[in-house]
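Dear colleague,

I am handing over the structure we spoke about, with the sequence alongside it.

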Amino acid sequence: MNNVSEVTDTAVANQGLSSDEAARRLAQYGPNALEDKQVSILRRLLGYFWGPIPWMIEVAAALSALVQHWADFWIIITLLIFNAAVGFWQEFTAGNAVAALMKQLALKARVRRDGQWQEIDAKKLVPGDIVRTRLGDVIPADVKLLEGDYLSVDQSALTGESLPVTKRTGDDAFSGTVVKQGEVVAEVTATGANTRFGKTASLVQQAKTVSHFQKAVLSIGDYLIYVSLALVAILVIVELHRGTDWLDLVQFALILTVASIPVAMPAVLSMTMAMGAMALSKRKAIVTRLESIEEMASMDVLCSDKTGTLTQNRLTLGEIEIFHARDKQEVLLAAAQASREEDKDAIDEAILEGLQDRSQLSVFRQTDFIPFDPVHKRTEATIQDASSNTFQVVKGAPQVIMEMAGLAGDALTHAQQVVDAFARQGYRALGVARRESGSAGWTFLGILSLFDPPRDDSAETIAQTRAYGVSMKMVTGDNLSIAKQIAAKLGLGSNILRADALPVKDDGTSISAVEKADGFAEVFPEHKFDIVKILQKHNHITGMTGDGVNDAPALKQADVGIAVSGATDAARAAADLVLTAPGLSVITHAIEEARRIFERMNAYAIYRISETIRIMFFVVLAMVFFDFYPITAIMIILLAFFNDVPIMTIAYDHTGLEKNPVRWNMHQVISVATAMGVVGVVGSFGMLLIAMDWLHLNVAQIQTYVFLKMAIAGHLVLFVARTKGHFWEHPWPAPIMIWSAVITKLAATLLAAYGFGLITPITWPEIALIWGYSFASALLTDWVKVQVYRHMSQEAPRHRGFLERLQKSLHVSGHRQ
């Protein structure tokens, strides 16, 4: 075990380890991190030569060698290496991008080194270090508690216990568990693989969830595979009946199948997601789960924290109402004594800045401190003055402090009026009380007011988010008056509900109230979870922001959990998106990026389906009806080369931006792709008949003719598929996409013109005819696509109206029953 063998004496415990000793122990025990078993680069690369798709290509290469078609053999081997290299590079680049982002989310630890408290990366902790943990922290290593009253720890991730466990001085707390209440100083006893978490981590496998969008895209891949295999089976049966050489036929069938199956789909998916994540990281938002970008494209409700997200989280001191204090500074001094400066708490900092003479704090010593927690809603401290007299001070929610001080009658009425008056101005109120040693009761000193002004960009962000079809709801623990005041300033609306108005049963009226609410006040963390569940139950894709440890369940439950700037480790661990800059403006950028990614993947899906229909149906039907190969195996391989390069650039494409949340519409995708594919098949047969009956080309020339037509038309289909309007309209394709298509088209043209010993060349006039025919075919395909979209957009309201009427009728009949 990695326990410290050295006994840490009191002096060391107070001062912590020295930097030199910490460095020595780091070398001895290693970093405080689990060993990341990385697969070697060579093994990952070789993995791309193993699997159903590589096997088909490898068998085709073996058959080429068997019949001594060496040109075919070397081109097939080149295709195999090319596919492996492209897939490996895309995965490697995406993996590096994600790893770089995750480094920015590394856990931090507050540690005492060389007598000073400092923040370091948790992985640099060593046994014997003195650390401080508090509410919201993920405990960074196995520790033994040294100072502090208690720690309430959620160790469900480690032990499965559903309730938090209380730890006291002398108890052990374990790495990876979450602090729910309390604050303590502790000594690290074990790090890395020697912690309790490290020993059990090898037994835990993190499940990878697949998003709705990925499931849809992968189902398209399965559909294409089944269609391709069915058509190839028909082709093989017909050709074997005709007595075609079976070796050549099997080789051709394998190559045709490989060309029709979306081999590039995983690479395109991962690269598009990674590029989106990198774009967001530049805007100070770190994606912890790539698939959440897709969910954000569909998000139609966003529940946002108020403090620090919609407001500046820079509390400033307002008016002070005196009750039983000499002056305002006495109230402030007591509040400052119930604070801890090193915690950098926003309320504490505002109070300390309000003190006229901060040096007077040095006369007093804080002997005990109970930090704030969401249940008790106060901080409390025991103070010793220069004469060794002790007293207690407390600050917190006014209602809590009033009750502790036993306010009654006129004093209680006056206090409540003061709190209400502050609330009407959008101010937070804070009660302050003091209790002398030996006294049974608390003295209510006064009420502080604190104001957290809205962020400059919040109103604009809310308006922009709404313009994107996302309903914005403010969620705050403040009282109803403060919530309404801030909501009015932000332009959110005045329909703010108290959290106790949340429905306890699923009836239409209560649910409608939640959907129509502009925000929720007096919210506890468990209410956030309920709000998310209610909205999700009624088919809303819901985003939720949070920062505290108790927000973690709601962040995990939400379709898009967003940890705001300054969030606790526990909240960040539960979130899909972590904001590293204050405010919400980055979320509008995330919505935009998510919808662009959706459009890219939508375009890819349409392109891939239409290409499979165009190639497979044309080749199989041409062989069945005309009894010759309209294209050779080597040409199909070359087509795969020329098509894969432009497809890879789709991750960088410029796309339109939908103004409303987008969801996967499989009916639309298949309808549009099928229409485009059918036009492509008809166009290919038209080209074939021109070559046979008008130009009277021989079979070898016809094959080159068909090859060039498919190469040029295939690239043009990609440009047609990328927009719902005409392909020449804005937004235009990204330069890298245009140039990749131009270069591959020119390469295919030169190959058709000169052959280079691979294919039979054709003349330049014939090439010019193919170019002209391909552009005309693309224009027709584009016109058909636009008509299909228009027809479906006209049908959509009718379908929606029918579904709404059906839903209402079912609801009414349910009530009658």
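Predicted model: local features only at pLDDT ≥ 70, side-chain atom pairs only at ≥ 80, totals over all residues.

I would start with the antiparallel sheet, in which six strands form an open arrangement in the order 11-16-15-14-13-12. Strand 11 (316–322) and strand 12 (365–370) stand at its edges with a single partner strand each, so one side of each is left without a neighbour in the sheet. Neighbouring strands here are turned against each other by 25° on average, direction ignored.

Within that sheet, strand 15 (residues 428–436) pairs on one side with strand 14 (residues 390–396), antiparallel and over six bridges, and valine 394 stands opposite alanine 433 there. Strand 15 is also joined by seven bridges to strand 16 (residues 443–451), again running antiparallel; in this pairing arginine 428 has leucine 450 as its bridge partner, while valine 432 stands opposite glycine 446. Strand 15 and strand 16 make a hairpin with six residues between them, and in its turn glycine 438 has a positive phi of about 90°. Helix 15 (residues 409–424) lies across strand 11, strand 15 and strand 16, and its direction is at about 10° to that of strand 16.

A second hairpin is formed by strand 1 and strand 2, with two residues between them, and aspartate 114 in the turn has a positive phi of about 55°. The two strands, of which strand 2 covers residues 116–121, pair in the antiparallel sense over six bridges, with alanine 109 opposite isoleucine 120. Strand 1 is joined as well to strand 3 (residues 130–134), antiparallel and through three bridges, where arginine 110 has arginine 132 as its bridge partner. Five of the six residues of strand 1 (residues 108–113) are buried, so this strand is largely enclosed by the rest of the structure.

The other sheet to look at is an open one of eight strands with mixed pairing, in the order 9-22-21-20-10-17-19-18. Its edge strands are strand 9 (285–287) and strand 18 (496–498), each of which pairs on one side only, and the twist from one strand to the next averages 20°.

If neighbours within four places in sequence are left aside, leucine 256 is in contact with Val232, Leu235, Ile615, Met616, Val619, Val620 and Ile636.

Lastly, helix 23 (residues 633–648) has 16 residues and reaches 23 Å from its first C-alpha to its last, close to the 22 Å expected at 1.5 Å a residue. Helix 23 is also mostly covered, as 15 of its 16 residues are buried.

With best regards

Note on methods: Residues numbered from 1 in each chain as written. Heavy atoms only, no water. Helix = DSSP H or I, 4+ residues; strand = E, 2+ residues; numbered from the N terminus. Expected span 1.5 Å × (residues − 1). Buried < 20%, exposed > 50% of the residue type's maximum accessible area, 1.4 Å probe, protein only. Pairing = 2+ DSSP bridges. Axes fitted to C-alpha atoms, helices over the stretch in contact; angles between N-to-C directions. Contact = heavy atoms within 4.5 Å.
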